[in-house]
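Trainee: I would like to go through this structure with you, one question at a time. Please show it first.

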Amino acid sequence: MFPWSDLELDPASASERDVKRAYAKKLKVCRPDQDPEGFRKLHDAYTAALEEIQWGSGTQIEDSQSILLSNLAPASFSQTELTEPSAPQEDEISLPFSSPAIPTSISLIEEAFWALDAALGSGQSGIADLVRGVEGLLYEHPDQVQLWGQRMHDLITRFGDHPDLRLRPEAMLFELEHGGCAASYAIIDRLDRQAGVDGLSSLARLFISNKGRIANQGTGLAAAHLACALAFWAQDTSSAVADLAYENLDRGERELHMQYIDRNAAMAEFLQLAPSGLKSFWRQQLLGNSTRESWDGPDGQLALRWIQSASLTPHIYQTLFNLIPKELSAAFKRKAAPPISQSSGQGGTTLQWEQAPAPKPSPRPILPQTSISIPFRFAGLLIFLLVKAALLVGTCNKSSSDSPNLPAPRLDLQSGKPARSPFVIPSTKVNEEPVDSVDFKDLLSTPEGRTLINPDPRSRPDHPTPRK
Amino acid sequence: MIGIDLGTTNSLVAVFEKGGPRILANELGEELTPSVIAASEDGGLLVGRAAKDRLILDPKSGVACFKRDMGTSARYSFGGKEWNPVTCSALILSEMKRIAEMNLGTEVTHVVITVPAYFHDQQRQATIEAANIAGLSVDRIINEPTAAALAYGYRNPDQETRILVFDLGGGTFDVTLLEIFDGVVEVKSSAGESRLGGEDYTDALCQWIEARHGWKPEASQTGNWRQRVEVAKRMLAVHEVASVSLDQRLVEISRNDLRDATAALTARLRPVVSRCLRDGDTSASEIDDVLLVGGASRMTIVQDFIHEQLKRITRIRIDPDRVVALGAAVQAGLSANDDAVSDIVLTDVCPHTLGVETTKEVGFGKHEPGYFSPIIDRNTTVPASRSRLFHTLHPQQDRVQLQIFQGEARLTTENKKIGQIQIDGLRHQPGQKRPGEFDVRFTYDMNGILEVEVTNLSSGLKKRLIVEQRPGSLTKKEIDEALARLQPLKLHPRDLLPNRARLERANRVYAELIGPAREHLTAVVDPFEAALESQDPTLIKQTAAVLDSFLRGFFEHEGETQPDSDPS
């Protein structure tokens with residue numbers, strides 16, 4: 001049974017150490033430079049086995065989350081005082097990093113948020129000061145950025161309309177810089193629901209101008225959400241925000257998020273044809289806002305009537321169908337447009353089209369070209385994403401559900417299937433470009449054994465100093 | 001078999017013998033050979049130390065740091081000839097070959113060469129070409145951080161450790177995360193910047209000093225000035241304060257000044273470390289050890305950075321300038337199946353994401369090209385082979401021009417194109433099983449070279465990549481010609497190297513001095529040159545000794561130690 005049989009281990013009793021040892025032993029025989037095929041199989045077995053063990057012990061979720069919420073120390077050089085005594089240097093002891101959470105900072109933060117929560121709930125004034133205080137706590141205790149973010153996220157979601165409950169840009173950047181993203185995510189979410197296009201655009205500018213500083217995975221998630229919102233409201237698809245998200249997202253997730261962004265753009269364009277004033281309604285439906293209007297309301301009925309008269313591509317249908325009340329979805333399905341008409345194909349176009357998740361003109365199940373490990377891995381990824389989403393967002397609200405069905409496993413993230421042909425040998429690579437090289441003919445040896453190059457006084461070189 | 005570290009600033013050659021790696025020195029007893037080529041005043045060709053001195057004196061007479069231009073179509077001209085990075089590297093490699101042969105007494109033909117982990121396909125090809133021109137057959141290209149890990153761990157390869165190799169060299173910055181266990185050295189992830197290194201720190205310090213004192217060196221003195229600043233920078237690794245002479249006075253620079261001057265550069269280090277840890281699924285606390293590589297990692301700035309970001313105090317265990325060459329020799333020993341080194345298997349990763357350009361459906365039936373579809377993600381263990389299915393946009397479309405890119409950005413305009421391949425016969429025919437579909441398979445081998453194979457699924461025809469664009473590379477014909485010409489060439493007759501070096505050094509010093517000191521120097525150099533002419537060995541030796549002691553005195557006065565070793 002893959003992968004255990006490849007490693008000759010008993011799955012019930014194998015530990016991580018055993019897996020590593022078994023892999024190392026087999027590796028001596030199946031060396032990457034001598035047997036690439038065998039090595040690939042072995043390596044796939046090794047990583048699959050490790051994953052299984054990590055899933056079993058539940059450590060992977062926490063580890064991934066802690067990595068996800070990066071635990072590098074803050075970048076400020078103002079804290080450079082080395083206060084440790086010099087003794088460790090002689091003993092070559094490296095300082096332990098995982099110091100237990102200092103109780104004081106946690107309790108400080110919790111208390112401050114309780115106070116703010118109570119104030120918001122009872123409609124007191126002076127919220128702005130409390131918010132400033134809470135921001136200050138973040139600056140002082142950047143190692144508690146996760147906790148802070150969760151609490152802030154919670155408050156913003158529940159009291160989103162309170163005018164004083166806003167974060168300064170610097171605080172958002174600080175949170176992202178230190179590996180958090182929950183509060184920033186909540187801000188973006190709120191702007192999204194309120195159709196605050198100006199707010200979204202200025203956030204976009206803020207992120208982009210600080211992108212070096214906030215290069216973290218949390219930023220990837222926040223930026224992806226921002227890009228979705230912008231795509232929907234401002235129909236801005238090729239934005240730098242999407243690039244920022246792409247650069248910072250984990251490779252396993254970035255395709256997913258890019259698709260969300262595309263779908264939002266598609267929806268936006270589609271809805272341009274809708275009666276005005278419905279855009280907000282649709283947005284609420286897409287985001288799964290618990291306070292969204294039902295389909296029975298005036299907007300809902302208008303939307304339904306319009307849908308039934310509009311013509312849809314399969315792409316749009318896919319996105320919308322499970323938002324529509326069930327009894328109407330059958331009729332809705334019939335409205336989905338026939339396959340894209342044949343164009344007047346010009347041969348030799350340079351375009352090619354990646355498989356899209358929407359049904360193609362000649363629909364056919366798209367089978368992943370993989371070995372058994374992939375469905376497992378994908379399921380793992382799926383579970384992990386869901387868990388992470390739940391952990392991030394907290395209890396009630398669903399995160400951006402504007403892509404109701406996750407794409408079918410057509411993401412060939414890894415293809416373990418061996419190549420059909422034997423391992424390819426490098427083919428001769430021909431290059432046409434002429435090159436002025438040194439004419440070695442001129443490097444003559446004189447009788448004394450010295451070398452001469454005819455000096456050319458007129459040649460003043462293009463000295464390519466990298467020192468600019 | 002030997003190992004060569006072809007560095008941006010210095011190159012080294014080492015061999016594995018008697019159970020351990022050993023670096024080989026040239027006739028001057030130096031283990032580090034500056035990676036510099038220059039043309040001397042009388043038209044001769046200089047390599048190494050002599051070239052570096054010449055370059056300081058006349059920055060237009062040669063070239064340094066050409067490693068940064070590998071894989072590009074950069075050209076340099078000096079000495080009346082046109083050069084490119086590949087031919088320059090070839091000259092350095094042939095010099096290293098000569099040093100090895102001199103030490104070992106036998107011909108050397110096989111070599112392991114190191115490259116930065118971040119080097120892409122073209123840069124690696126260029127390195128292999130340079131070696132071929134120099135008459136060397138490349139057994140293996142290994143990444144510098146992996147070589148460092150080998151040097152560190154080859155004696156205890158069974159002990160389980162996770163190490164982070166922090167390599168800040170003259171021109172490049174790499175961070176690599178490795179795991180060593182049971183005789184396996186496994187690279188988990190790697191990240192870097194190919195244009196960030198010690199040289200940039202020196203430049204920043206030069207600019208800072210010039211701005212602070214409102215001063216600029218004269219055109220003829222820029223080389224010397226930069227060298228002085230470089231020395232000061234190195235001094236700051238061991239002293240709190242260093243001084244630099246500026247217009248007849250001495251100006252002090254403290255460690256804090258260096259830090260201020262280079263803060264922007266140090267800020268670029270952090271995202272690289274962060275990405276490496278993230279891709280490797282490891283947190284800072286899980287690292288057992290940090291290995292420093294590269295002369296620039298001696299700077300206290302680096303030590304402070306590592307202390308803050310990774311919460312540990314590092315100690316330099318193996319000389320950062322030499323560790324890569326030592327590791328290359330260990331690999332040479334492994335490749336030659338030397339019994340003294342226990343079997344270690346290396347696995348490495350590809351540092352860049354590789355993929356193709358695709359078109360997406362965007363919005364309502366609209367299509368937009370220019371999107372990057374990854375096929376092999378960065379930090380995938382190599383050798384790796386991945387494939388993906390694509391299909392044509394329209395049923396009538398017959399041909400596809402597949403553009404191959406490397407990089408991390410979402411749009412291909414921001415990634416680096418490394419080749420293209422054309423597939424025909426994709427038009428939909430009735431009765432076809434899989435019309436318009438094709439499978440693209442990327443295979444990335446251990447040396448970091450990419451192969452592309454495309455299969456037309458409806459016809460079953462396969463096509464392998466023929467690279468159509470590779471800037472900076474030579475045609476096979478040119479390579480053969482260069483090979484033929486270089487073989488019998490004796491660039492540096494043995495007895496010439498030390499003397500050449502002396503003369504160039506004397507020239508450089510002459511430019512720094514004025515008045516009576518110059519006359520004194522002349523009085524010492526002239527007899528030496530006369531001795532060279534006469535070719536009388538005793539006379540040469542005597543006059544050389546006098547010249548040497550003069551030069552030594554000069555450098556001690558300047559605070560410069562032996563130029564190629566670092567204060568440590």
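Trainee: Which residues in α12(A) do the residues of α11(A) meet?

Mentor: This is a predicted model, so every value here is computed from predicted coordinates. On the α11(A) side the contact is formed by V197(A), L200(A), S201(A), L203(A), A204(A) and F207(A). Their partners in α12(A) are A223(A), L226(A), A229(A), L230(A), W233(A) and A234(A).

Trainee: Is A231(A) buried or exposed?

Mentor: A231(A) has its place in helix α12 of chain A. A residue counts as buried if 20 or more other C-beta atoms lie within 10 Å of its own. A231(A) has 28 such atoms, so A231(A) is buried.

Trainee: How many Å apart in space are A231(A) and A265(A), C-alpha to C-alpha?

Mentor: In sequence, A231(A) and A265(A) are 34 residues apart. In space, their C-alpha atoms are separated by 4.8 Å.

Trainee: Now chain B. How many helices and strands are there in chain B, and what percentage of its residues is buried?

Mentor: Chain B has 15 helices and 27 strands. It holds 568 residues. Of these, the buried share is 56%.

Trainee: What span should α2(B) have, and what is the distance between its end C-alpha atoms?

Mentor: Helix α2 of chain B runs over residues 85-104, which is 20 residues. At 1.5 Å a residue, α2(B) should span 28 Å. Its end C-alpha atoms agree with this, being apart by 28 Å.

Trainee: How many residues of α2(B) are buried, and which residue follows the helix?

Mentor: In α2(B), 16 of the 20 residues are buried, so the helix is largely enclosed by the rest of the structure. After α2(B) comes a residue with a positive phi, near 75 degrees, and that residue is G105(B).

Trainee: Which elements of chain B do the buried residues of α5(B) pack against?

Mentor: The buried residues of α5(B) include Y201(B), T202(B), L205(B) and I209(B). They pack against strands and helices of chain B. The elements are β12, α6, β15, β16, α7 and α8.

Trainee: Which residues does K233(B) touch, not counting residues up to four places away in sequence?

Mentor: K233(B) is found in helix α6 of chain B. K233(B) is buried, because 24 other C-beta atoms lie within 10 Å. Its C-alpha atom is separated by 7.0 Å from that of T202(B), 31 residues apart along the chain. The residues that K233(B) touches are Y201(B), T202(B), L205(B) and L258(B).

Trainee: Where does N379(B) lie, and what is its phi?

Mentor: N379(B) lies in the loop between β20 and β21 of chain B. It is buried, with 25 other C-beta atoms within 10 Å. N379(B) is a residue other than glycine, yet its phi is positive, near 60 degrees.

Trainee: Which peptide bond of chain B is cis, with omega near 5 degrees?

Mentor: Look at the loop between β21 and β22 of chain B, where P383(B) has its place. The cis bond is the one from V382(B) to P383(B).

Definitions and conventions:
Residues are numbered from 1 along each chain as its sequence is written. Chains are lettered from A and ligands numbered from 1 in the order in which they are written. This is a predicted model: local features need pLDDT of at least 70, side-chain atom pairs count only at pLDDT 80 or more; totals for chains, interfaces and linings use all residues. Two residues are in contact if their C-beta atoms, placed from the backbone, lie within 7 Å. Helices (H or I, at least four residues) and strands (E, at least two) are DSSP runs, numbered from the N terminus. A residue is buried if 20 or more other C-beta atoms lie within 10 Å of its own, exposed if 12 or fewer, and partly exposed in between; C-beta atoms are placed from the backbone. The expected span of a helix is 1.5 Å times one less than its number of residues.
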